[in-house]
Amino acid sequence: MYRNTPPRSTIRLTRRGRLVLIATGAVVAGTAVAVPLLSLRGEGEREPTTLVIPEGWRAGQIYDAVDKALAQPPGTAKKSLAKANLKLPNDAEGNPEGYLFPATYPLERGGRKTTPEALLSFMVDTANKKFNGAPIAAGAQRNALNVYQAVTVASIVQAEAATEADMGKVARVVFNRLERGMPLQMDSTINYALNRSTLRTTGADTKIDSPYNSYQRMGLPPTPIDNPGEAAMRAAINPTPGDWLYFVTVKPGDTRFTNSFEEHRRNVAEFDKNQRNPAGAG
């Protein structure tokens, strides 16, 4: 097993030069391309009839969106989990993260406004239909994973990949590092632990005491870190062939994958330079 890993304090696997979109009070990163129409409505405007959940939203963002869409007090959707009877895998231990499938959901059923628990159940049922079919199960097994672990990999891919075209390569980096006994060292897992979204991860961040600290802990995080879409799931079960161990989005449209730590360090230095001088990064 390859373990000649450079000191953790010097490795930075995923410092990505991506913009984030602020929408309705939530941070939307990665491949999110649509957001719920939850802004204040003017007089005479119709209430929205659907709720769009983008790829990569975390459960907390989805709870907030459900509350706003259904005009419920903040915290209502999260509290409804206790009575929602969600059909989650045993490994989830009641945590729906990863299984609130990104899609467009109706806010009315049978002419009546739906409830938070019914809406969350609909999302989980949709995820089960997507994830439990033969292609996903067989693909997970092919990569020595169960379906829940495959969803966890897909959630990392969703958070880390700058474009859909990069997803298969990001998934391969995850598998290559796991197979070599290397910590994943994904900034996205740190962001999840700290409930934030940022391009900057400090040395202090990598020392936090959390099961989601993939700098300090080996293997996959205990749960998914967001709710991945179909493209990320496909990448998780069909990673692109390659020997990459590192990647960084140096600037928008320029993500570089390598198996050389020294080359990665040069790429990260270029990323840092572009972050200090955004005007010259285009």
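Tutor: Start with a term. Helices and strands here are DSSP runs, numbered from the N terminus; a helix has at least four residues and a strand at least two. Counted that way, the protein chain has ten helices and eight strands. Keep in mind that this is a predicted model. The chain has 282 residues, and 51% of them count as buried. Now look at contacts between residues at least 6 apart in sequence: 68% of these join residues at least 24 apart.

Our part is helix H10. H10 covers residues 261–276, which is 16 residues. From its first C-alpha to its last, H10 reaches 22 Å. That is close to the 22 Å expected at 1.5 Å a residue.

Next, ask which residues of H10 are buried. Buried means under 20% relative accessible area. The list for H10 is Phe261, His264, Asn267, Val268, Phe271, Asp272 and Asn274. Look down the axis of H10: these buried residues fall within an arc of 160°, so they line one face of the helix. The face away from the buried side carries Arg266, Lys273 and Arg276, which are exposed.

What covers the buried residues of H10? The cover includes strand S7 (246–251) and strand S8 (254–258). Follow those two strands. S7 and S8 run antiparallel, and five bridges join them. S8 is itself mostly covered, with four of its five residues buried. Between the two strands of this hairpin there are two residues. Gly253 in the hairpin takes a positive phi, near 85°.

Positive phi turns up elsewhere too, in residues other than glycine. Ala71 is one of them, with phi near 55°. Find Ala71 in the loop between helix H1 (59–69) and helix H2 (76–79). Ala71 is exposed, at a relative accessible area of 62%. Ala144 is another, with phi near 60°. Its loop lies between helix H5 (134–142) and helix H6 (147–160). Ala144 is exposed as well, at 68% relative accessible area.

H6 packs with helix H9 (residues 230–237) at an angle of about 115°. Their axes are 8 Å apart. The crossing of H6 past H9 is right-handed. Which residues meet there? From H6 come Ala150, Val151, Val153, Ala154, Val157 and Gln158. From H9 come Ala232, Met233, Ala235, Ala236 and Ile237.

One last stop is Asn132. Asn132 sits in the loop between helix H4 (116–131) and H5. Asn132 counts as partly exposed, at 49% relative accessibility. Now find Tyr148, 16 residues away from Asn132 along the chain. The C-alpha atoms of Asn132 and Tyr148 are separated by 9.8 Å.

Go back to H10 to finish. One face of H10 is lined by its buried residues. Strands S7 and S8 are among what covers them. The face turned away carries exposed residues, including Arg266.

How values were computed
Residues are numbered from 1 along each chain as its sequence is written. This is a predicted model: local features need pLDDT of at least 70, side-chain atom pairs count only at pLDDT 80 or more; totals for chains, interfaces and linings use all residues. Side-chain values use heavy atoms; hydrogens and water are left out. The expected span of a helix is 1.5 Å times one less than its number of residues. Buried means under 20% relative accessible area, exposed over 50%, partly exposed in between (1.4 Å probe, protein chains only). The arc is that of the directions from the helix axis to the C-beta atoms. Contact means heavy atoms within 4.5 Å. Two strands pair if DSSP finds at least two bridges between them. Axes are lines fitted to C-alpha atoms, for helices over the stretch in contact, and angles run from 0 to 180 degrees between N-to-C directions. A crossing is left-handed if the near helix is turned anticlockwise from the far one by less than a right angle, and right-handed if clockwise.
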